[in-house]
Each structure stands twice: as C-alpha cells, then as structure tokens.
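Reader: I am new to this structure and would like to learn how to read a few of its features. Could you take me through them slowly?

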Amino acid sequence: MTASTSDAATTRDTVSARLEQALRTALDGEVAFDDYTRHLFSRDASMYSITPLGVVFPRHAGDVAAAVKAAGQLGVPIVPRGAGTSLVGQTVGPGLVLDLSRHMNQIIDIDPGRRTALVEVGVVQDQLNQAAAAHGLMFGPDTSTSNRATIGGMIGNNSAGSGSLTYGMTIDHVRALDVVLSDGSRARLEPVDERERQRRAAADTLEGRIYRELPKLVTGNEDTITSRMPAFWRRACGYRLDRLADSGPGAPLDLAKFVVGAEGTLVVATRALVDLVPKPARTVYAVGHFTDTAGAISATTDALSCHPHQVELMDRTILELSRQKIEFAELGDVLVGDPGALLFVSFTGDDDTELTAQLDRLDALWQKNRHGYHTLRAVTPAEQAALLKVRKSSLGLLMAAGEGTRRPLAFVEDTAVDPRHLAEYTERFSKILDEHRMQAGFYGHCSVGCLHIRPFVDLTDPDQVERMRAVAEAVRDLVAEYGGVNSSEHGDGLARSEFNRQVFGDDLYELMREVKRLFDPHNVMNPGKIVDAPR
C-alpha cells in the first residue's frame, strides 16, 4: 500500500466513524456500518457492485432530513434506495445508502372521490393496488416487479410497465411530493401559480433559489430544449426540462413532475400524492403464435390498429427457458405447435360483447395479412393463468439462465423507437449482436416500441467486456438514427449516463448540468448518475 493510498483509507475511516456517530445521535431509525450490511447493499439488480460507506433505515421524513444534512456536512454522497430493483446501477454508490423501504411504507390515505392515494415512498406497488382495489381503483403504471418495486423507486426511475399505452408513465400520475433537498431542508413540490412561485422564490433558502432560477433557465433556453430533447414520448432519461418548457406561459410550475425520473440526484422523496385509475372489470388476450421474432414484431402494427391495452413480445429463448421449469409446465398444454415467438395482445373493458368483437377484429386482420399461424384466445382467468405466469416471469427466467460467469446483462435492454420502425430497428439490432458474437433473449412492450434485450456476457473475459461496450455504443447510435430513446423505462444509472452528452447534445446536456448544480450545489445527491458520470 502506498502512502497516498494509506492516507485515503485513514481519511475514509475517520469520516465513516464521524458520520456513524452523528447518525446514531440524530436518527430514530437504524444505522448500520458493519461489513455484512454494507456488502448486502453493494448490489442492486444491475451488473454493478459498489460498497457503500454505511446504510441507514429512516423511520420518517425527519430521519431522512437529518441523514442528508449529516452526510452533506462531511461531503458524503447520498444514495436513496427502495427495493433495489434498478437494472442500471441507480441505487448503488460509495456513500450513504438510505433504505426507504423498511419503515417508510405506510398508505396514509386513499380518496376514492378524487382518485388519489397519499403514501410514503416505501409502499410497494402491489400493496397500494391491493388497498385501492377495494374502491375499484389501481395505480396505472404496471411494472413486472410489482410485488417488490416501491412507489418511491418508481418515481425516481419514472417507471412504466406493460400498460403504458393506456396509462402512460409514473410522471403522469404524480400530483405532489414531500421531499428533502440537498442541504437537508424539506419542501413540498406541487403545481404552483405565478403568485405562489414568487412567494416561494422570495425565501433566502435553497428552495427559494430553485424557484427563482429554474424558470429562468427554462425560458432562456426553450429552443434548445425543444429541438434537442428526443421526440419519442416514452422515455426515462435525462432531466425533464421539456415538461417545464411545454407547459406554456401562465401555466403552473410543477416541480413534482419535474423531479420524477431524476434518480435521487436532485431530491429525496419521502411522501407522494399519486393519481389512481379505475381498475378494468375484464381483460381478455389474443396470443399470436409466430415462427420467429421478426414475424411477431411485424404483426404489431395490425395489433395497434385495434386499440389494445398492451402488446407484449416473448421470444423462443424465454419459451425454451420456461419449458425447463416444472412450475411453468402448464404452458405446454395451451400453446399450439412450436412457436418461435408469442405476441400477447390484451383488451380491457366492461362490455363482454365489445371485448369479443375486438378479439374478432384482430384475429381477422392477422389472418388477412398472414401474420402468424395461430391465435389463441385467453378470455377467462383460468385460460390466462399459465400464459400470464410465464409472461410475468420473463425477466426472472432470463436472469437465471446464465452458466458459470456468463450471464445476461442489462446494458442495452431499454431502448425504444416508434412502433412503426420497430421491425426494421430490431432486425438491425440483431445484426449488431451477431457481428459481436452475442446471444440474447428478446421480450418487451411492442405496443410502445420498447424491447428488453439482454445479451449474455462473461465479465471475467476482457474481450467480452470490450465487445459489450462496442455493442452499447452501436445501439446508442442506432436508436438515435430512428429518433428513439436510449432508455424508455429503466433510466440512465451507471450503464447509460455516460452517453447522455452524445444523446442530448452539448447545449442541452450543459443545461442539465446547470439543473444539477442548482438543486445540488455540493454534488452529494447520488452523484455520477444522469450527468457527470464515470466511463
């Protein structure tokens, strides 16, 4: 060990001891700086591993504020975390991890009349949906990790899921947020008119500075924001300056929506007021059988013309993996032949006659245009059970499929293009993988042009690591060529933030850096994500 390395280690140990002591004094929640806990929180669902300095489990918003303040005084970064389901390394870092899921998980109120829910950010999506179901309601965004993903994590990530064609993304369902700012102060973010904005801007505080400076940043750069922001609507990348620019003169300033998708780099949310939507009375499925993935994707346009709730793809890789698991054995009893890909098209509503008519229209259209060789109708819950079980488990099946150190990795799994380009785009994407000798499973949301593609990579092999990077760069350029987005629902994190200057261009990227400096002048809020990322 060199002298400089020894000095750095000593400094880190000193900071760690001082921070731990300060947190134990200030917090009601647990404080853990032991090696075992730090090891557990060094990973999320991504390919990254970074051991944090410590972990805290806040019991309330006051604990969060105290932790942010104590860490900031010592220059220790804050890493907010929910369930740790991030696929791109958003919730790992070398600083202080705030686990908001252990204690801050209460549903405070559900208002059926206003169709809203007030929740702490550690509430799990299925937990909220179960409570809302008593009123015929649900939270619109529907992630595949709904039995563990927290509302706070969905807000930080701007999650979407399979129903986004109908319900949009998390950003479309957030009304107000209680947050902790980077200096440990607390604020409520909600739509405010100009008079209220001026009142808040008059305060000599970090919150006041944000309300003074952010509108100037937007109005002075509207052309850059409008021209450089990717046009495709389904995106979870960068800072959403377009939401502020598009609101127009005289419209309320809505910072609650603005910080959705910021990955904990601007604020730490503690409580959220979110919209709920009516839960459909019935859902029916048409499951198209195709000889290959290209055929399934080509049938998407016909499916979209029938106004479905969702269109989901599953390729042969996923199907073969399901056949190897006894818990999915029932699937073999319902499929016809040996499909190379399936397309799940769902329709929702209250009228059985209309739902049947929608299935008829799609079936007739596919037959007319010779898409696929069979269309299975799954109308009752019993008919749907085996199919939906496998579809919901696609990610888990794929992630468990590795052998030794060769694993499917999430680094190009979240691009999206307009669905009308999806067939051609996917063909070219496949050629990139072939050129770099990589195998991958294909599944995802054809209805919104988003495919989840996870190539198998052995990170212990330097050659494969280089190939992984080459694929990431090629896919980044390909998606830009089609006017799409590099991340449509899984965010930037450590996997994609590095590319944001090229994705957004220098001018818009510098505006995003100004946003970061405005909210977080000392760069303690989950640094290295979205802007100023490491390679």
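Reader: How should I read the accessible area of D254, and is D254 buried or exposed?

Author: This is a predicted model, and a residue counts as buried when its relative accessible area is under 20%. D254 has a relative accessible area of 15%, so D254 is buried. In the chain, D254 belongs to strand β11, which covers residues 253-254.

Reader: Which residues is D254 in contact with, leaving aside its neighbours within four places in sequence?

Author: With those neighbours left aside, D254 is in contact with E190, P191 and L244.

Reader: And which backbone nitrogen does the side chain of D254 reach at 3.3 Å?

Author: That backbone nitrogen belongs to K257, while the backbone nitrogen of A256 lies 3.2 Å from a polar atom of the D254 side chain.

Reader: Which residues line the largest cavity, and how does the lining divide by class?

Author: The lining of the largest cavity consists of F411, V412, T415, A472, V475, N486, A495, R496 and F499. By class, six of these residues are nonpolar, two are polar and one is charged. Helices α20 (462-481) and α21 (493-496) each supply at least two residues of this lining.

Note on methods
Residues are numbered from 1 along each chain as its sequence is written. This is a predicted model: local features need pLDDT of at least 70, side-chain atom pairs count only at pLDDT 80 or more; totals for chains, interfaces and linings use all residues. Side-chain values use heavy atoms; hydrogens and water are left out. On a 1 Å grid over the protein atoms alone, a cavity is a set of points where a 1.4 Å probe fits but cannot get out, and a pocket is an open set with protein on both sides within 12 Å along at least five of seven lines; lining residues have an atom within 4 Å of a point. Helices (H or I, at least four residues) and strands (E, at least two) are DSSP runs, numbered from the N terminus. Ala, Val, Leu, Ile, Met, Phe, Trp, Tyr, Cys and Pro count as nonpolar, Asp, Glu, Lys and Arg as charged, and the others, Gly among them, as polar. Buried means under 20% relative accessible area, exposed over 50%, partly exposed in between (1.4 Å probe, protein chains only). A polar contact is a pair of N or O atoms within 3.5 Å; within protein, one must be able to donate a hydrogen and the other to accept it, and residues adjacent in sequence count only if both atoms are side-chain atoms. Contact means heavy atoms within 4.5 Å.
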